[in-house]
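Subject: The structure we talked about

Hello,

Have a look at it first, and then read on with the model open beside you.

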Amino acid sequence: MASSSSSSSSPAVGPEIPWVEKYRPTKVVDIVGNEDAVARLQVIARDGNMPNLILAGPPGTGKTTSILALAHELLGPNYREAVLELNASDDRGIDVVRNKIKMFAQKKVTLPPGRHKIIILDEADSMTSGAQQALRRTMEIYSNSTRFGLACNTSAKIIEPIQSRCALVRFSRLSDQEILGRLMVVVAAEKVPYVPEGLEAIIFTADGDMRQALNNLQATNSGFGFVNQENVFKVCDQPHPLHVKNMETGFAHMRICDESVRIFSCVVCWRSLHWSVKQPKQLS
Ligand SMILES: Nc1ncnc2c1ncn2[C@@H]1O[C@H](COP(=O)(O)OP(=O)(O)OP(=O)(O)O)[C@@H](O)[C@H]1O
Ligand SMILES: [Mg+2]
């Protein structure tokens, strides 16, 4: 299990820093899971010659974290002037490509031999196709001095000409074991009181998404001060899986023939379950 260099950060003063930020790995080697993808990025970090990249995969698996860490490793003290970060909150229509991105690509920055300026386009699949078309030319013209790192959930939403100019690095959902390893690092660093079933519940609700796991851990800790199953499912606003299982077993024995009655009964049951998790005192 990799551990982040930030895992040893001193406790926050004032409002608590989101743990997803506090424990965001700053080095490629510290990124958990997706070994093949991480190994490819480590080779790039070592060799220095970053190709245009598309990092694609499900949410909360480390794509943004990876491209930021790689850019830091490649550019070190030059990061501020040699990296342009654009995320979904920035306007990234065609004008931004024509102006901001092009101007940055033209800017002269002195870098060690073999290094390039980097433009990070986070959530690149939400760029308009006009903007992507404009990007394609910029990518080609300035390829001697500037490389692009695109992060997205679906690479199919990136136009073919850009895909063919980039190396594709695929990320997949993290395994339960990988999430558990990271949760253990954080509960130890934050001295979170927990029982193993509580962490299991977090892993269950996160479904391979590390961001979700850390957010649910922090929310349960700050809401209840103790991480057990009951508290996690209350925080996540999900029916307790045990109740669902009992409900399913109940229906299996009920011999309801009329499909509509059956569906209606299910909905009523789900509603009451949903209500019960919102009313902590009702759930014993
Ligand atoms: N593989 C990982 N190893 C360690 N921490 C991770 C990993 N993936 C995600 N995290 C944690 O979750 C947070 C969010 O991750 P990140 O922003 O990299 O996700 P993403 O893959 O870019 O998701 P999205 O598709 O929603 O943009 C990070 O700040 C970090 O704390
Ligand atoms: Mg991201």
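Let me start with a question: how close do the axes of helix H2 and helix H3 come, and at what angle do they cross? The axes of H2 (residues 35–47) and H3 (residues 63–75) come within 9 Å, and the crossing angle is roughly 20°. Because of that angle, H2 counts as roughly parallel to H3; the cut-off for that label is an angle under 35 degrees. The crossing of H2 past H3 is right-handed.

If you want to find the contact on your screen, look on H2 for Leu41, Ile44 and Ala45, which meet Ser66, Leu70, Glu73 and Leu74 of H3. By type, the residues of this contact divide into 5 nonpolar, 1 polar and 1 charged.

Before the other details, please keep in mind that this is a predicted model.

The chain as a whole

The chain has 13 helices and 5 strands. Of its 284 residues, 46% are buried. The chain exposes about 15,000 Å², and carbon and sulfur atoms supply 53% of that area.

H9 passes H10 in a right-handed crossing. On the H9 side, the contact is made by Leu199, Ile202, Thr205 and Ala206, and on the H10 side by Gln212, Ala213, Asn216 and Leu217. The residues of this contact divide into 5 nonpolar, 3 polar and no charged.

Around Val192 and Asn221

Which residues does Val192 touch, not counting those up to four places away in sequence? They are Trp19, Val187, Leu217, Asn221 and Val227. Val192 itself is found in the loop between helix H8 (176–190) and helix H9 (196–206). With a relative accessible area of 6%, Val192 is buried, because buried means under 20%. Val192 and Val227 are 35 residues apart in sequence, yet their C-alpha atoms are 7.6 Å apart in space.

Asn221 belongs to helix H10 (residues 210–224). Is Asn221 buried or exposed? Its relative accessible area is 18%, so Asn221 counts as buried. Setting aside residues up to four places away in sequence, Asn221 touches Trp19, Val192, Pro193 and Val227.

Two loop residues with positive phi

Where would you look for a positive phi in a residue other than glycine? One place is Lys191, with phi near 50°. Lys191 is in the loop between H8 and H9, and its relative accessibility of 70% makes Lys191 exposed.

Asp207 also has a positive phi, near 50°, and is likewise a residue other than glycine. Asp207 sits in the loop between H9 and H10. At a relative accessible area of 49%, Asp207 is partly exposed, because exposed means over 50%.

Asn78 lies in the loop between H3 and helix H4 (79–82). Asn78 counts as buried, at 18% relative accessibility. Leaving aside its neighbours within four places in sequence, Asn78 is in contact with Thr110, Leu111 and Pro112.

Val29 has its place in the loop between helix H1 (19–22) and H2. Val29 is partly exposed, and its relative accessible area is 47%. Between Val29 and Ala69 there are 40 residues of separation in sequence and 9.2 Å in space, C-alpha to C-alpha.

Happy viewing, and do write back with any questions.

Best wishes

Conventions. Residues numbered from 1 in each chain as written. Chains lettered and ligands numbered in written order. Predicted model: local features only at pLDDT ≥ 70, side-chain atom pairs only at ≥ 80, totals over all residues. Heavy atoms only, no water. Axes fitted to C-alpha atoms, helices over the stretch in contact; angles between N-to-C directions. Helix = DSSP H or I, 4+ residues; strand = E, 2+ residues; numbered from the N terminus. Parallel < 35°, antiparallel > 145°, perpendicular 65-115°, else oblique. Left-handed = near helix turned anticlockwise from the far one by under 90°. Contact = heavy atoms within 4.5 Å. Nonpolar A, V, L, I, M, F, W, Y, C, P; charged D, E, K, R; others polar. Buried < 20%, exposed > 50% of the residue type's maximum accessible area, 1.4 Å probe, protein only. Areas by Shrake-Rupley, 256 points an atom, 1.4 Å probe, with all protein chains shown as cover.
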